[in-house]
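Try each task before you read its solution.

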Amino acid sequence: MKKLDIEKITNNRLWKLMKDNDITDCKPFARLLIDGEFYTFDNFGDKSADSTSNEYKQYYKNVDTLSKTITHCLYDNCYKKDNLLIACCRFFKCSADYLLGFIDLPTHADTDIHNKTGLTKDAIDILSKNKNSYFPVAVEAINLLLQNNENINDNMRLLELIQQYVLLSQDIKSYDECGVSKMENKNIALRDEYGTAMGLVPVDEMANIFLLSINRLLTKLKDNISTKRIHKKPTIFDILDDMLFDLIRIEEIRKNIDGFNFDIDNLYQMDRRFRENNKRLIYLYGCDTINDIDFKIFKSKYPQYSDDEINFLKSQLNLE
């Protein structure tokens, strides 16, 4: 089959989804749709049959037929057969409205988020993944940064400064398209409100100015957050989580010791923290034996830990 002309299909929505999923040809894509039963024929064929059988030949005939249909779709941007449109939506888990050009992102949910916030699909995917992870640090950081408080203007200024600092650090020759003053050689041309040149500042010095401003605003934000945050007493299960996390890391370090090529101070700190948490279980929560701790609840709260890891934690606890 003739090789695809990428320049002619580069803006096709289906091609973008194929490329994002490392599918670069129509025939392999046709096989995926047929094998996964996303697209069906009256006579399905059987690729596992004897190569001389009609069932075997019918399967590959179907692949060729569907491959040609997909190719026409890529070039014409038209789904002449509704069952191909449905198959592609099911396979890529996207909306038909995206493939037909009615929305900008593969799903209505992502499109609504993009329209409201301006976030790209990659940004939405990353934040969604972190929201459902055990360590949603990205979402928490963004919420802390953009929460509605008296420092909101400073917070937005912080985002602006971070962007400008990153751009300056790249030493790009011109920033006109980014709304930043044009760079001349390795200097930033500073101008007044009327566009009159006021002088040149070296890129390195300008970057340092931005970095200092970022640190100042981060400090202000940190102080603001620390005054509002209520420190809650950790539960037994919070402490067990800390202990098991340290215990796993300690064992990883000990098993991978190569001469003295490891952080002994870090190992010592984790070991000390483990022993201190062990004492907290005894003196603060009255856990005198293993039976005083409901590990079924712990497992339900922290399903990322395996039964072997939890049993290892039990063997290391000293509650007597």
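A nonpolar core is a set of buried Ala, Val, Leu, Ile, Met, Phe, Trp, Tyr and Cys residues joined through side-chain atoms within 4.5 Å. Keep in mind that this is a predicted model.

**Exercise 1.** Find which residues have the most contacts inside the largest nonpolar core.

Solution. Start with the core itself, which has 30 residues. Then zoom in on Leu99: leaving aside neighbours within four places in sequence, its contacts include Leu14, Leu17, Leu85 and Cys88.

**Exercise 2.** Work out whether Asp246 is buried or exposed, and which side chain it joins in a polar contact.

Solution. Finally, the side chain of Asp246 makes a polar contact of 2.7 Å with that of Arg273.

**Exercise 3.** Compare two salt bridges: where in the chain do the partners Lys27 and Asp64 lie, and where do Asp125 and Lys121 lie?

Solution. Take Lys27 and Asp64 to begin with; their N to O distance is 3.0 Å. Lys27 is in helix 3 and Asp64 in helix 4, 37 residues apart, so this pair links distant parts of the chain. Now turn to Asp125 and Lys121, whose closest N and O atoms are 2.7 Å apart. Both lie in helix 8 (residues 121-131), and because they are 4 residues apart there, about one helical turn separates them.

Definitions and conventions: Residues are numbered from 1 along each chain as its sequence is written. This is a predicted model: local features need pLDDT of at least 70, side-chain atom pairs count only at pLDDT 80 or more; totals for chains, interfaces and linings use all residues. Side-chain values use heavy atoms; hydrogens and water are left out. A polar contact is a pair of N or O atoms within 3.5 Å; within protein, one must be able to donate a hydrogen and the other to accept it, and residues adjacent in sequence count only if both atoms are side-chain atoms. Buried means under 20% relative accessible area, exposed over 50%, partly exposed in between (1.4 Å probe, protein chains only). Contact means heavy atoms within 4.5 Å. A salt bridge is a side-chain nitrogen of Lys or Arg within 4 Å of a carboxyl oxygen of Asp or Glu.
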